[in-house]
Amino acid sequence: MAVREILTFPSPELKKTATDVTNIDGEVAALAEDMVETMYAAPGVGLAAPQVGVAERMIVLDVNTEDPGKDLLKLINPVIAERRGNVLWEEGCLSVIDYTAEVKRSAEVLVRAWTPDQKEIEIEADGLLAVALQHEIDHLDGKLFIDRLSALKRDLYKRKLKKILRDGGPADNNQDRKPGI
Ligand code: NI
């Protein structure tokens, strides 16, 4: 297992549409383990393979920060089969430095996916898990949460990021930050 580097906006890798995993093998299971370790180290509650430079449809999530590992999900080829209602949720992202914004999402989702041990599963989710599932599946389609904001807000973020990078990068004060997704 290894912690991998998380790519950040505007890396072109984050804009690629990831391809379906066609064979669930040891390599896929090893990638899932690396992604889990990378997510916990960040710290984050979700991570998608494109964020570590792998354009394949795999995501990992653990929204239970009280008891890490208990509700850990490793999902291959996840698909949103049903949606219900709407919710505005304040989101951040491990690939978007120093920024959060409210994003409109479905309030409840039903997701179908495969696991690294080749089981087909269904997940009914609301709250943070529903939001995180939609956020991570967006990553598989080359989409970041800032792509769901108005052009004006996105432009303001790009300017803020330029300033952050000009001033020598983000401040290293992770303690008070919410875990990213
Ligand atoms: Ni993200």
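Predicted model: local features only at pLDDT ≥ 70, side-chain atom pairs only at ≥ 80, totals over all residues.
Student: How many bridges join strand β3 to strand β4?

Tutor: Strand β3 covers residues 73-93 and strand β4 covers residues 96-114. The two strands run antiparallel, and a hairpin connects them through two residues. The number of bridges joining β3 to β4 is 13.

Student: Which residue in the turn between β4 and β5 has a positive phi?

Tutor: Strand β5, residues 120-126, pairs with β4 in the antiparallel sense over seven bridges. In β5, A125 is the bridge partner of V109. The hairpin formed by β4 and β5 has five residues between the strands, and the turn residue with a positive phi, about 65°, is Q118.

Student: What distance does helix α2 reach from its first C-alpha to its last?

Tutor: Helix α2 comprises 14 residues, 127-140. At 1.5 Å a residue, the expected value is 20 Å. The model comes close to this, with a reach of 21 Å.

Student: Is α2 mostly covered or mostly exposed, and against which strands do its buried residues pack?

Tutor: Of the 14 residues in α2, 12 are buried, and the helix is mostly covered. Among them are L129, H135 and L140. Just after α2, G142 adopts a positive phi of about 75°. The strands against which the buried residues of α2 pack are β1 (46-48), β2 (58-61), β3, β4 and β5.

Note on methods. Residues numbered from 1 in each chain as written. Heavy atoms only, no water. Pairing = 2+ DSSP bridges. Helix = DSSP H or I, 4+ residues; strand = E, 2+ residues; numbered from the N terminus. Expected span 1.5 Å × (residues − 1). Buried < 20%, exposed > 50% of the residue type's maximum accessible area, 1.4 Å probe, protein only. Contact = heavy atoms within 4.5 Å.
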